[in-house]
Amino acid sequence: MQLNLSGRHALVCGASQGIGRASAIELAELGANVTLLARSGDALRAVAETLPRPYAGQRHDWRSVDMLDTAGLHAAATDIAATQSVHILINNTGGPPGGPAHTATPDAFETAFRQHLLGNQTLLQALLPGMRASGYGRIVNVISTSVKEPIVGLGVSNTVRAAVAGWAKTLAGELAADGITVNNVLPGYTRTNRLDGLLATQSKASGRSEDEVAQGLMATIPAHRFGEASEIAAVIAFLCTPAAAYVNGVSIAVDGGRTRALS
Ligand SMILES: NC(=O)c1ccc[n+]([C@@H]2O[C@H](COP(=O)([O-])OP(=O)(O)OC[C@H]3O[C@@H](n4cnc5c(N)ncnc54)[C@H](OP(=O)(O)O)[C@@H]3O)[C@@H](O)[C@H]2O)c1
């Protein structure tokens, strides 16, 4: 199986922690040069310094950008691609705040659209020429199982994730002939700072301890445990390899079997 990514350049967004950081580690382990992107420069520098370099000449870099700053994001992506064409794009960023859809302000939808869909589109347009020229492109969007079963209490997120899924499926049809695949990974409950925040919020709202809240959530998962960021990252990294060339336009849940939908 051809899993080697040496000579490839990956841009991993939301890479200062959690699933993005874990993805950067897996891609570096497979040989890619990795550029990390998020807002926190100090955290990115620390991740970049510890990324694996198993192949001679492998180098990693980082860029501090707020994905809400569309013009800044475009400038950064163009600059990154000018150094070395980007072959692998991991679209990943913080999840929108919770709450029902009917109480969310129009601004909340607009912000989430800008951070997720417009961010992805901005990066795509900056990086596509390089992917086309090299005949190799892998775009993986980290979204949510809500694209199969909308999640109660995540109204803005459910809406924006569905838009990203529709965008991705459309692109998968448009770009496949150029050697570019576009897929989505849907994490289940995964041990990251975001999950810690969710447990704290639900604990406060319900009066139960965080451990009781965690046990309640785990009871909904056939695997009876939360996922690790590295387990999500392993699937993301596989989708970026030559071996995954014929996997295109799919949404893969990595959730311990929690999503009950058939497709
Ligand atoms: N963990 C779960 O259980 C779970 C389940 C389903 C779906 N997901 C989704 O999967 C994605 C990753 O989850 P995670 O748990 O790894 O999240 P996380 O720990 O909150 O990490 C989010 C990453 O995005 C970056 N980020 C946030 N806002 C940004 C912005 N405006 N511009 C640039 N970078 C930004 C953060 O870095 P900075 O703060 O430095 O910018 C961080 O690196 C999220 O969309 C999340 O909703 C997670």
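1. Domain bounds here come from an automatic or database domain assignment. With that settled, domain 1 (9–188 + 233–253) and domain 2 (189–226) both give residues to the shell around the ligand, so the ligand lies between them.

2. A word on the ground rules: this is a predicted model, where local features need pLDDT of at least 70, side-chain atom pairs count only at pLDDT 80 or more, and totals for chains, interfaces and linings use all residues. Residues are numbered from 1 along each chain as its sequence is written, and side-chain values use heavy atoms, with hydrogens and water left out.

3. Who sits around the ligand? There are 26 residues, and Ser16, Arg39, Thr93, Arg161 and Thr192 come nearest; a residue is near if one of its heavy atoms lies within 4 Å of the molecule. By class, the shell has 9 nonpolar, 13 polar and 4 charged residues. Ala, Val, Leu, Ile, Met, Phe, Trp, Tyr, Cys and Pro count as nonpolar, Asp, Glu, Lys and Arg as charged, and the others, Gly among them, as polar.

4. Now look at some polar contacts (pairs of N or O atoms within 3.5 Å). A ligand oxygen atom is 2.7 Å from an N or O atom in the Arg161 side chain. For Gln17, a polar side-chain atom lies 2.9 Å from a ligand oxygen atom. Gly188 uses a polar backbone atom, 3.3 Å from an oxygen atom of the ligand.

5. How much of the ligand does the protein cover? The answer is 90% of the 890 Å² of accessible area that the ligand has on its own, by the Shrake-Rupley method with a 1.4 Å probe.

Key: Polar contact = N/O pair within 3.5 Å; in protein donor to acceptor, adjacent residues only side chain to side chain.
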